[in-house]
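This report describes how one protein model is put together.

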Amino acid sequence: MLDEVLLSGGEGQRRLQSAFDGVPMLWVGVRCDPEVAAARECSRGDRVPGMARLQASRVHDGVVYDIEIDTAARYPEACAQLLADFVTSKRYSPVETE
């Protein structure tokens, strides 16, 4: 498993696809309303102020996902269940990267 913030959006995704050529991948977009992300950032106390709001949409520019999850709209358990249901459904079948 690789958990990565694609600061360069789609270009970063293409670099990772190239680096992991031939490895089946599942691209999960984890989204959060910028205001909610900023509040979470503030409450953690160990984050650079303003980064969450700045990155909330920029990291998704040009990225193609298999599934997207909105963490502002669901509790963590519901997000995990949504992803688990997707992976075990007929909608998802791992394929090798190009």
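## The buried side of α1

In α1, the buried residues are G10, G12, Q13 and L16, where buried means under 20% relative accessible area and exposed over 50%, with partly exposed in between (1.4 Å probe, protein chains only). These residues lie on the same side of α1, because they cover an arc of only 155° around the axis; the arc is taken over the directions from the helix axis to the C-beta atoms. S18 and A19 are exposed residues on the face of α1 turned away from its buried side. An α-helix has 3.6 residues a turn, so residues three or four places apart point the same way.

The model is predicted: local features need pLDDT of at least 70 and side-chain atom pairs count only at pLDDT 80 or more, while totals for chains, interfaces and linings use all residues. Residues are numbered from 1 along each chain as its sequence is written, and side-chain values use heavy atoms, with hydrogens and water left out.

Q13 sits in helix α1, which covers residues 10–19; helices (H or I, at least four residues) and strands (E, at least two) are DSSP runs numbered from the N terminus. The relative accessible area of Q13 is 4%. Leaving aside residues up to four places away in sequence, Q13 touches L6, W27, G62, V63 and V64, a contact being heavy atoms within 4.5 Å. With the same exclusion, V63 touches L6, G9, G10 and Q13.

The largest nonpolar core has six residues: L6, L16, M25, W27, V63 and Y65. Such a core is a set of buried Ala, Val, Leu, Ile, Met, Phe, Trp, Tyr and Cys residues joined through side-chain atoms within 4.5 Å.

## Packing of α2 and α3

Helices α2 (residues 34–44) and α3 (residues 51–58) pack at an angle of about 145°, their axes 8 Å apart. Axes are lines fitted to C-alpha atoms, for helices over the stretch in contact, and angles run from 0 to 180 degrees between N-to-C directions. The contact is formed by P34, E35, A37, A38 and E41 of α2 with M51, A52, R53 and A56 of α3.

## The whole chain

The protein has four helices and two strands, in the order α-β-α-α-β-α along the sequence. The C-alpha trace spans about 40 × 30 × 20 Å along its principal axes. Of the 98 residues, 28% count as buried. Among contacts with a separation of 6 or more, 65% are between residues 24 or more positions apart.
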